[in-house]
Amino acid sequence: MKRPPEKALPPSLRDLPDCAATFLAWLELQKGASPATIAAYGRDLLDFERYVRQEGASLNMPRTVTRRHVQGFSARLFHEGSARSTTARKLSALRSLFRHLLRTHKISADPCRGVRNPRQEQRNPSVLNVDQAFDLLADTPPRAAAAAMEAAIRIRDHALLELLYGSGLRISEALDLDEGAYSPGARAVKVMGKGGKERLSPLSDTSRAALDAWLTARPLLAGHDETALFVGRRGARLHRRQAARIVGEAARLAGIQQHLSPHHLRHSYATHLLEGGADLRSVQELLGHRRISTTQRYTHLNLDALTRVYDAAHPLADAKDKKETP
């Protein structure tokens, strides 16, 4: 596979070595990686290239890169104060590249072999409680004097929030939806997940009602040839930064003090499903995770919820209750 044309790469990645640029093209074409993934991998590989050049090596000559270079790069990130998750992500990009170079016989040994990720901090994801979720999604009617465009924007914002929390979509999945992905009254929407994997995501009653209202109001904002389901004030597809502002403003209006991002709504969706009794495998399918371990890390339950599940389901719990019952 040839290096992609310069115009296909973001300006910040034009200095990538050929083998890295070709690897990114393979990721996109063969693995269906998203533009966000391609850009993140590209930045990480370019960061590594700048480091190894100072050490007398280069990805342009991948056989010159050794495990010592990878370990040194990891150490440099540590001394610079990079988050452990950032270091792990950069090392993951390197592992993917060198596995590809091994498969294509560009190198004979993997310099990442034996290099471990830093131990990760154990942090539970921030989630809303159910009352906060209801407050966030409270649909307040527009003022009678509100302009038509402002009313349409309020309807759009409510539909987006309902979809993010009610179906647990990644923000990229929601913003990538085209208008034709949803038909009025449909009980599910077809979503293109990571790696180009499609799935049907069920819609709640309130999501369907909000999306129906948005389809009616959408022509007030959408450009003539725009296919996106969610559009901004200028009529083009809504982008991530705008979506983040929508969620943040909705949280402020709902009196939610914690920082809230679109991804927090996905966390909350998964957590509330599990607390409501959904099994982990079902939640895995709904979230579009390839591995069950990802779902286990992605969600958490409080101790009370876990105890209730244990008491309701484990036979020894029943036996203990019977013994203690007078």
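Helix axes are lines fitted to C-alpha atoms over the stretch in contact, and angles run from 0 to 180 degrees between N-to-C directions. Helices (H or I, at least four residues) and strands (E, at least two) are DSSP runs, numbered from the N terminus. The structure is a predicted model, in which local features need pLDDT of at least 70 and side-chain atom pairs count only at pLDDT 80 or more, while totals for chains, interfaces and linings use all residues. Residues are numbered from 1 along each chain as its sequence is written, and side-chain values use heavy atoms, with hydrogens and water left out.

The protein chain contains 14 helices and two strands. Of its 326 residues, 43% are buried (under 20% relative accessible area, with exposed over 50% and partly exposed in between; 1.4 Å probe, protein chains only). The accessible surface of the protein chain is about 18800 Å², and carbon and sulfur atoms account for 52% of that surface; such areas come from the Shrake-Rupley method with a 1.4 Å probe, and for residues only the protein chains shown count as cover. Contact means heavy atoms within 4.5 Å. Of the contacts between residues at least 6 apart in sequence, 55% join residues at least 24 apart.

Two packed helices are described by the angle between their axes and the distance between the axes. Helix α6 (residues 148-167) and helix α10 (residues 262-275) have axes that come within 7 Å and cross at roughly 40 degrees. This angle makes α6 oblique to α10 (under 35 degrees is roughly parallel, over 145 roughly antiparallel, 65 to 115 roughly perpendicular, and the rest oblique). On the α6 side, Leu161, Leu164, Tyr165, Gly166 and Ser167 take part, and they meet Pro262, Leu265, Arg266, Ser268, Tyr269 and His272 of α10. The contact of α6 with α10 comprises six nonpolar, four polar and one charged residue. In this classification, Ala, Val, Leu, Ile, Met, Phe, Trp, Tyr, Cys and Pro are nonpolar, Asp, Glu, Lys and Arg are charged, and the others, Gly among them, are polar.

The axes of α6 and α9 are 10 Å apart, and the two helices pack at an angle of about 90 degrees. They are therefore roughly perpendicular to each other. Arg156, Asp157, Leu160, Leu161 and Leu164 of α6 form this contact with Ala243, Ile246, Val247 and Ala250 of α9. Seven of the residues in the contact of α6 with α9 are nonpolar, none is polar and two are charged.

A nonpolar core is a set of buried Ala, Val, Leu, Ile, Met, Phe, Trp, Tyr and Cys residues joined through side-chain atoms within 4.5 Å. The largest has 47 residues, of which Leu136, Leu160, Leu163, Leu211, Trp214, Phe230 and Leu265 touch the most other members. Elements that each supply at least two residues of this core include α5 (130-136), α6, β1 (188-192), α9 and α10. The most is given by α6, with nine residues. Another core, of 30 residues, lies apart from it and has Trp26, Leu46, Ala57 and Val65 among its members.

Arg240 is located in helix α9 and counts as partly exposed at 48% relative accessibility. Beyond its neighbours within four places in sequence, Arg240 contacts Ile171, Ser172 and Leu175. His105 lies in the loop between α4 (84-103) and α5, and counts as exposed at 64% relative accessibility. Phi of His105 is near 60 degrees, a positive value in a residue other than glycine.
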